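Q: I am new to this structure and would like to learn how to read it. Could we go through it together, one feature at a time?

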Amino acid sequence: MLAQLLASTLRVSTPLIFAALGGMFSERAGVVNIALEGMMLLGAFGAAVGTLVTHSPWLGSACGMGAGILLAALYGLFAIRLRANQIVAGTAINMLALGLTPFLCKILYDVTGSTPPIPIDQRFRTAPLYLSWVLVLVCWVWMKRTPSGLWISFAGEHPEALNAAGIRVNRVRWLAVLISGALAGMGGASLSIFLSSSFSRNMTAGRGFMALAALIFGKWKPVPTAIACLLFGFAEAVQIRLQGVSLLGSKPIPVQFIQILPYLVTILVLAGFVGHSRAPKAAGTPFQRE
Amino acid sequence: MDSSQIVDDTTAAVELRALSKQFGGVRANADVNLRVERGTIHGVIGENGAGKSTAMKILYGIYRPDAGEIFVGGKKCVWASPSDAIAMGIGMVHQHFMLAGPYSALDNILLGAEPVRWGFIERKKARERLESLARQYGLPVEWDRPVEQLPVGIQQRIEILKLLYRHSNILILDEPTSVLTPQETSDLFANLKKLRDEGKTIVIITHKLKEVMSFTDRVTVFRAGKVTGEVETSRTNPQELANLMVGRKVVLSIDVPPARPRPETAIEVQGLSLAGPSGSRHKLSDVSFSVKRGEIVGVAGVEGNGQSELLQALLHPRESRCRTAGPVRYLANDVTVWDAAKIRDLGVAVIPEDRQSEGLLLERPVSENFLLGLQRSDAFSRAGFLRLRNLEKTATLAVEEYDVRPRGLMNTAGQLSGGNQQKLIVAREFQRQPQVLIAAQPTRGVDVGAIEFIHNRIVRARDEGAGVLLVSSELDEILTLADRILVLYEGRVVAEFQRADVSERELGLKMGGG
Ligand SMILES: Nc1ncnc2c1ncn2[C@@H]1O[C@H](COP(=O)(O)OP(=O)(O)O)[C@@H](O)[C@H]1O
Ligand SMILES: [Mg+2]
């Protein structure tokens, strides 16, 4: 049973890891990204539609990533180019994704609730799971060992220093935000074509925010962030496992209470750790050359 | 060798022609012309806000000029970004260092000039080159330490190594000495001379006339966004430069009449000790002194010998962590367990050491900053509401009297230059009509004209009966103002002098622990 629980933990952590790594790029570069939720949602939708059309989960997830990038580009336009308040712009993006997905669903499939189911042989079995952990290592090496990793770090910590060193800050930020859209899109794809069999309305259900919490808990570093995702994934796996289980031989625990669990863990972790974690100094501050 | 490579020696290393730059309504630079000869140390001086940094940031490609031209080595240049200027051999050490605190010294230096192989940064190769540069110029640095853990003197080294690492030929240093001890300052200038003798061109911004006189070859003077003069250092004198800077005759050192101390004690400290981190020496050891009303007591010492700790213990006696002993008294009240607000209500005014973090809210308007700490006073509050009209009236008068520029009350404090920020703090603190004044580095980073003004105000406060504790690392300032002088060395008061009885040399010796 424990093995089952752990396997389930790894599976349900996958979308969180993709999204959290995406968030890492953007926030390390100085762009706060609460739009992660929306990018994930549109990514999940894009992946489901893409798979239904192409019958390939790989092409489908490429569509999901593309959808994430598109939304990230819109976010970048507001947050980087127009120097809008990043919380406001991010919230707007989330609402846009929340409204847009059922609308597109209606146009394409004449229902607002969910896309038609994707046949099991066209879905991922395990690939995203492995991919997410490979990606953790890639990101780790990327941030630590490559010039662009260093630039991203400085864009978020001291953009003026990066500018003075001759690197265009906003180009670095654009790169980071687009990467973050791609990864959040992949996170969404692993929800719709890996963990379930279709896209359904608001299927991210706050996972983008959970990924952000993991990012804070993991101090904006790839490996600790992924481990934090596992913690949240574990809470979700327990939640799934507990559904229908009855306590003391009486009636089962109401499912609504059990479903609170992952969110409760998120809140507790944030309340306990957010003070110990230091965000990139320039996160949330637009950069402008005079 | 290709003969076209040989550059005519008569062309200037850098020339700025008719440069103009406006920020909102502020004309930071208006028609600035500046010529820097090759292989010289060129001083740029001017009051705070005169536009020196702006001109240099334009030269380095950080700001785009509204009008005007830049020539480097006789070639006209237009910068799209600093990378273009860097490619032409220009490097700049900024007034506020461009270093990201949590990252290592090495990464801060490499940034933007990383040696790369197979897409990865070759840190080892960079480190080897840096180590040889560090040896050559005597600038050792702990490469792997996060820069926020390194003292400012070392941080500046890192900034200079950045330029050497990039093979810059034209080095711009913006107020490099304002954070250095006298010893570090002379080391810096020794290094700059060495670099000049190797053929590099150095532009150094400063507001210290002494440094300009002893270390530069030529000087350009800025005033209110314009260049008011360019002279050969050997053909000028401090008085002439000061006049060019301020545009009127300035009294370089004010004449301070002797004090008439009153019997009442303003500040009294007995046996104050402050433990350092376990294992290290105490930060303060058995410090005792008193300040009478109507006198100025100066605390001299090289920075880092306990001045900051002493100030913290005086201003936040309750919070000073690891405190081991010693009461603090103001005006015969034992305030050891009081909080800062209660202490301030006694009539204690403070010009803090770090004006940006302790003295101002940089993002808030001037008017609110003027109100800081006075918000509960009857003059500005009634029944829990602010009396905004009163505030505006008083602040307008104060900004006028203390010559805070620009005058607008709605500008944020962060938009003011350092000198004007300091004037704003001084205006606010004197608004209290202090009985006790604690002034820490009151004229740091402040221009000559404003120094004179602030000094006069301090003396006037003394003559109106305030007890003044002046903490300063500028010997000249202590010798001009203080009636009595304490020397702080390694957390102890190692000497006490009457001003009349001590020479600069003697003080300097004591400050070095002699
Ligand atoms: N980025 C900026 N935005 C707005 N105003 C600025 C900016 N930089 C400088 N200024 C203003 O331009 C004037 C010149 O500033 P600066 O060049 O920093 O003077 P200095 O270096 O001689 O002290 C000042 O009034 C300052 O407030
Ligand atoms: Mg300046």
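Q: Which residue does the side chain of Asp197(B) meet in a salt bridge?
A: A general idea to begin with: side chains of opposite charge can pair when their charged atoms come close. Keep in mind that this is a predicted model. Here, the partner of Asp197(B) is Arg196(B), with N to O at 3.3 Å.

Q: Are Asp197(B) and Arg196(B) buried or exposed?
A: Asp197(B) counts as exposed, because its relative accessibility is 60% and the cut-off is over 50%. Arg196(B), in contrast, has a relative accessible area of 16%, so it is buried under the 20% limit.

Q: With which other residue does Arg196(B) form a salt bridge?
A: That residue is Asp217(B), and the closest N and O atoms are 3.0 Å apart. This pair links distant parts of the chain, 21 residues apart. Arg196(B) sits in helix 6 (residues 182-197) of chain B, while Asp217(B) lies in the loop between helix 7 (209-215) and strand 11 (218-223) of chain B. Asp217(B) is partly exposed, with a relative accessible area of 25%.

Q: Which residues are joined into one network by salt bridges that share partners?
A: Look for Glu15(B), Arg17(B), Arg35(B) and Glu37(B). Another salt bridge to find in chain B is the one between Glu122(B) and Lys125(B), at 3.9 Å from N to O. Lys125(B) is partly exposed, at 49% relative accessible area.

Q: How many salt bridges are there over all chains?
A: The count comes to 36. Across the interface of chain A and chain B, the rule finds 1. There, the side chains of Arg278(A) and Glu148(B) meet at 3.7 Å, N to O.

Q: What is the area buried between chain A and chain B?
A: The size of an interface is often given as the accessible area lost when the parts come together. In this model, that area is about 2400 Å², and carbon and sulfur atoms give 59% of it. Chain A brings 24 residues to the contact and chain B brings 31. Between the two chains, 4 residue pairs are in polar contact.

Q: Which helix of chain A gives the most to the side that touches chain B?
A: Helix 6 of chain A does, with 6 residues. Helix 5 (127-145), helix 6 (147-157) and helix 7 (159-164) of chain A each supply at least two residues. By type, the residues on this side of chain A divide into 10 nonpolar, 5 polar and 9 charged.

Q: Where is His94(B), and what is it in contact with?
A: His94(B) has its place in the loop between strand 6 (90-93) and helix 3 (105-110) of chain B. With a relative accessible area of 3%, His94(B) is buried. Leaving aside neighbours within four places in sequence, its contacts are Ala164(A), Lys57(B), Tyr60(B), Ile62(B) and Asp174(B).

Q: How many residues has the largest nonpolar core?
A: It has 148 residues, and among those with the most contacts inside it are Phe25(A), Tyr75(A) and Ile90(B). Helix 8 (residues 169-195) of chain A gives the largest share of this core, 12 residues. To explore the surroundings of Ile90(B), look beyond its neighbours within four places in sequence: its contacts include Leu59(B), Trp79(B) and Ile170(B). A second, separate core of 49 residues includes Val404(B), Leu416(B), Val446(B) and Met511(B).

Terms used
Residues numbered from 1 in each chain as written. Chains lettered and ligands numbered in written order. Predicted model: local features only at pLDDT ≥ 70, side-chain atom pairs only at ≥ 80, totals over all residues. Heavy atoms only, no water. Core = buried A, V, L, I, M, F, W, Y, C linked by side-chain atoms within 4.5 Å. Buried < 20%, exposed > 50% of the residue type's maximum accessible area, 1.4 Å probe, protein only. Helix = DSSP H or I, 4+ residues; strand = E, 2+ residues; numbered from the N terminus. Contact = heavy atoms within 4.5 Å. Buried area = accessible area lost by both parts, 1.4 Å probe. Salt bridge = Lys/Arg side-chain N within 4 Å of Asp/Glu carboxyl O. Polar contact = N/O pair within 3.5 Å; in protein donor to acceptor, adjacent residues only side chain to side chain. Nonpolar A, V, L, I, M, F, W, Y, C, P; charged D, E, K, R; others polar.
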